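Hi everyone, thanks for coming. Let's take a look at this one together, one place at a time.

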Amino acid sequence: MAIRQIVKEGDDILTKKCRPVVKFDERLADLLDDMAETLHLANGVGLAAPQVGILRRLVIIDIGEGVIELINPKIIAYSGDQESVEGCLSCPGEWGITHRPEYVKVKAQNRFGEEFTIDGKELLAKAFCHEIDHLDGILYKQKVVRMLTPQEIEEMNS
Ligand code: CO
């Protein structure tokens, strides 16, 4: 496994639409393993392939309950609304208030190409939306109600 460099906001790669994953091979497994290591080192909740420079439709999420790997994910159902603070490893030190569905159901493939569905509430639902948006070149900042002020960030961290 290896740590990958996380692409930061301002890089064109984060605005591009990703192509589907078609090969479920060793290279994909290596990428997923590297992304998990990179995510954990960065103390993040989720990481999308374009954030490590790969324009393919895959994301990983870990809200503290183990790594969830989503290949070619699609949101197939959602409901409710949550307002919360959201950030992104590609926009370090910044946070904004967003609205996301309270509940989200996703259809995806695992690293072997097998289809499954998974659903989540609250933080997990938000992470599904945030990471899948990355695959279409969308950053959470395009969806914020407003960004937090430096003072609010300081209060949040204390
Ligand atoms: Co992000």
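Let's start with Asp 34, which touches Met 1, Ala 2 and Arg 4, leaving aside residues up to four places away in sequence; contact here means heavy atoms within 4.5 Å. Before going on, a word on the model: it is predicted, so local features need pLDDT of at least 70 and side-chain atom pairs count only at pLDDT 80 or more, while totals for chains, interfaces and linings use all residues. Residues are numbered from 1 along each chain as its sequence is written, and side-chain values use heavy atoms, with hydrogens and water left out.

Asp 34 sits in helix H1 (residues 26-41); helices are DSSP runs of H or I with at least four residues, strands are runs of E with at least two, and both are numbered from the N terminus. Is Asp 34 buried or exposed? Asp 34 counts as buried because its relative accessibility is 8%; buried means under 20% relative accessible area, exposed over 50%, and partly exposed in between, with a 1.4 Å probe and protein chains only.

Next, Asn 72 in strand S3 (residues 68-79). At 15% relative accessibility, Asn 72 is buried as well. Its contacts beyond four places in sequence include Pro 20, Phe 24 and Arg 57.

Finally, the metal. Which residues coordinate the cobalt ion? They are Cys 88 (SG), His 130 (NE2) and His 134 (NE2), at 2.0 to 2.3 Å. Donors are N, O and S atoms within 2.8 Å of the metal (3.2 Å for Na, K and Ca), and water is not among the atoms, so sites may look incomplete. His 130 and His 134 are both buried.
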